[in-house]
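Reader: I would like to learn how to read a structure with two chains. Please take it one feature at a time.

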Amino acid sequence: MALGRKIAYVNLSTGEVRVNPIPQSLRSHYIGGRILNDYIMFSHGRPGSDPLDSENVLVLGAGLFCGLPVAGASIAVLTAKSPLTGLICHSTHGGFFAGELRWAGFDHVVVRGKAKKPVFIHAEDGVLEIRDAQSLWGMGTAESREKIRHELRDPCVQALCIGPAGESLSRLASAHSDLSRGSHRGGAGAVMGSKNLKAFTARGSLQISVKDPGRALKTSAMLSARAKSSPFCTKFGSGGSFMPFFDLAAVNLLGYPATGNRPSEAFSESDLKSRSAGSSSCLACPVACAMTSRLPGGKLVSEGPDFWQAAAFAPFAGSAGVDGLLEFARLCVSLGIDPVESAMLASWAAGLVREGTVPDKDFGGDCPGFGDSPGILKLVKSMADMTGAGALLGKGGLKASETLGKNAADRLLHAKGMCLPPIAWKSSPAFALAAAVCQTGGDLRMAPWFELAGISDQARDMLRGSPSQYETEIASEPLSSEGRAHLVHWSENCAMTADALGICQYISAVHDLGLPSFVEWSELLSSCTGMLLGPPKIWEAAQRGALLERMFNLREGFSPKADGLPEACLAPAEGASGRARERRRALDPEKFRALIDEYYRLRVLDGRGKPESSALSSLGLDKEPSYML
Amino acid sequence: MARIIAVDSNSCTGCRTCELVCSVARTGSSNPLKSRVNVIKWELEGVRIPVLCVQCAKAPCISCCPVDAISRNPSTSAVEVDAKLCMGCAMCLSACPFGAMSLDPDTESAVNCDLCGGSPACVAACPSGALLFAEPPKAALAKKRAAAAREIRPE
């Protein structure tokens, strides 16, 4: 059965492993993946625990559609209390791991405690074991995976590994599967490292029954064809074709020095194409957005770079151009470190030194200047090893500011302690709001990306129809504030559901309103699993996830004042032209606060950002945590 | 001339949709071990090759089957297994040079790609055009065209 996957509880301190079924009632309330992870975190999290203490709980969850022929169903989510923000974090990754975990019989793995020696957790055909990983410690992510496959004598084992950054407890650490797929944001790799957990591995041959195979395949084929021909996927959906994205009028780059190169200046598209070794895809994906490139020597390939890496690395590319970017992308994967967080912290540090806010010696002379490609590679290595300047920056921007001083903190472009990606978030009130209220920090995964294409009349009707039933107008102009809280509310619920089902957000309405959302997913739930959840019920499940994340953060002492952006984020970008002035008007602090309040009303939060009791009871959250899992 | 499924591995992006669709269409459940087609990969070398029954003209599986359970379907020319006759000896698995013959783990009967009776689900679902269902000369011509295109428009 598609719903028959289990949950495993692993205590690495005692070596105990328990396996339980997942009650059907929880499925209809929380579906799976991210939302069920939220439920588990709220029940099992120990309030106030240090994120890197063995008591912090780490939850791995595969989306409900993973392993089924549903376009883009490949996403697994790592959830923990983030060592970077102290709040909940969700690091998602595609590739082939999530499907294999479900074929191995598991949807969720809850890890507590700390192993005495390095271990990995292996799931195979209904059994989950803790295995020795001492020989893997110190290895890069891909190297670890290959060694595990070699030792298990099975080239089809999938592995989600940390690299040296996670082992050194760098708060920027990520975990990686396949060639480059990474659970990047929030430092979940360090949580694995703090448990002496080198990897999760999976191999499975347990069948996942489909309720109505004919109907499921028909719907899936139709949605796959729609994804392949959608304007978003056609334009940006093949390996390395992300450069035109930077030319979209609405994409603004922030955190860039006036003299630093923008991606379109730093990288030539023809250079990128000449390094490409074709596109590669995740499980069941019709789009294949990843670019692969040949390593020097020509035989081996790696995946990347991607849009985010290009945006974050551009100011440092200098004369190294695309080759510098490729080296940066590969280095981050091998070390298991978040490319966006590490490059944005490097940008922050370089800016502080350049303007004289912080003397170079405070970074031990290791701070690269803009355009210094070898310099940033060296700094990223030290962030992963937690040595030199990297020992300071590897703690994250806010913690580093405690050493560097308030002036440095004021220049940090972050939300809740996580650096904002350098793109798009300032270009519209909707993106700024999405960054400001995101419960995981400066992450734009749930932002209303569909807004970049403009809001047509048809799109407006769709957004305001079922299941949202908004009564407010939504303006079509991207820089408008009208109805923007609604866009964020809608895209958050859509992204939340995609993460629960395991569907990549690039193949969801988050990026293109012509792509699947609640109605299509309801049909797929019915034909694949037999669950009869109409769009309004799915919408409710997403609302539960959003509130549970907020409740988790409030329990951890999160101040709703953190729902906002630092002043530095609201000021115009350095060297900004006429358009920036317009943006500044749009991001007038009072209007921005009004947008946040509007968002609070939609989420049924009080003026301080806490869920109203009526919202909790109507969604059945008033008894949480209920420890049913 | 009967059609076969020809593979253009250069076009394969490695998404394994063919495996998922094959197992769901033929068994009602998703399980790559029950799929008649599998994408074999060497990720580090960037190699992805869908492997499935090529419907050999002189099929060793047919010759070696001790109970004559394997025969050619006269209308599709597909090599097919009669599950009622099959005794599960796996001789065909040993004889096939491509690993295209397998035993279903539940029924213990031999299984291979039978072209879904002339309308293969994997070909219809492949999003990258890596699987072609055509008469061999036409499949070859399509591959020649793709090879020529790579000559003049290298990726």
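**Reading the interface and the interior**

Author: Start with polar contacts, meaning pairs of N or O atoms within 3.5 Å; within protein, one atom must be able to donate a hydrogen and the other to accept it, and residues adjacent in sequence count only if both atoms are side-chain atoms. Between chain B and chain A there are 13 residue pairs in polar contact, with both residues at pLDDT 80 or more. This is a predicted model, in which local features need pLDDT of at least 70 and side-chain atom pairs count only at pLDDT 80 or more, while totals for chains, interfaces and linings use all residues. Residues are numbered from 1 along each chain as its sequence is written, chains are lettered from A and ligands numbered from 1 in the order in which they are written, and side-chain values use heavy atoms, with hydrogens and water left out.

Reader: Which elements of chain B give two or more residues to the side that touches chain A?

Author: Helices (H or I, at least four residues) and strands (E, at least two) are DSSP runs, numbered from the N terminus. Here the elements are helix 1 (17-27) and strand 2 (29-30) of chain B. Helix 1 of chain B gives the most, with five residues.

Reader: How do the residues on that side of chain B divide into nonpolar, polar and charged?

Author: Ala, Val, Leu, Ile, Met, Phe, Trp, Tyr, Cys and Pro count as nonpolar, Asp, Glu, Lys and Arg as charged, and the others, Gly among them, as polar. The side of chain B that touches chain A has nine nonpolar, eight polar and eight charged residues.

Reader: How many residues of each chain are in contact, and what area is buried between the chains?

Author: Contact means heavy atoms within 4.5 Å. By that rule, 25 residues of chain B are in contact with 38 residues of chain A. Buried area is the accessible area (1.4 Å probe) that two parts lose on being put together, summed over both. For chain B and chain A the figure is about 2,400 Å², with 57% given by carbon and sulfur atoms. Leu20(B), Glu43(B) and Leu44(B) supply 24% of the area that chain B buries against chain A, more than any other three residues.

Reader: Are Glu43(B) and Arg149(A) buried or exposed?

Author: Buried means under 20% relative accessible area, exposed over 50%, and partly exposed in between (1.4 Å probe, protein chains only). Both Glu43(B) and Arg149(A) are buried.

Reader: Where do Arg550(A) and Asp563(A) lie?

Author: Their side chains meet in a salt bridge (2.9 Å, N to O). Arg550(A) is in helix 22 (residues 535-555) of chain A and Asp563(A) in the loop between helix 22 and helix 23 (567-570) of chain A, so the pair ties together parts that are 13 residues apart in sequence. Arg550(A) is buried at 2% relative accessible area, and Asp563(A) is buried at 1%.

Reader: How do strands pair, within a chain and between chains?

Author: Two strands pair if DSSP finds at least two bridges between them. Strand 13 (residues 208-209) of chain A and strand 2 of chain B pair in the antiparallel sense over two bridges, and Ser209(A) stands opposite Ser29(B). Within chain A, six bridges join strand 4 (residues 76-81) to strand 5, and these strands run antiparallel. Leu78(A) stands opposite Ser91(A) in strand 5 of chain A.

Reader: Why is strand 5 of chain A described as largely enclosed?

Author: Six of the six residues of strand 5 (residues 88-93) of chain A are buried, so the rest of the structure largely encloses this strand. In a regular strand the side chains alternate between the two faces of the sheet. Ile88(A), His90(A) and Thr92(A) are buried on one side of strand 5 of chain A, and Cys89(A), Ser91(A) and His93(A) on the other.

Reader: What does the side chain of His93(A) make a polar contact with?

Author: The partner is the side chain of Ser183(A), at 3.1 Å. His93(A) counts as buried at 2% relative accessibility. Leaving aside neighbours within four places in sequence, the residues in contact with His93(A) include Ser74(A), Leu160(A) and Arg181(A).

How values were computed:
Salt bridge = Lys/Arg side-chain N within 4 Å of Asp/Glu carboxyl O.
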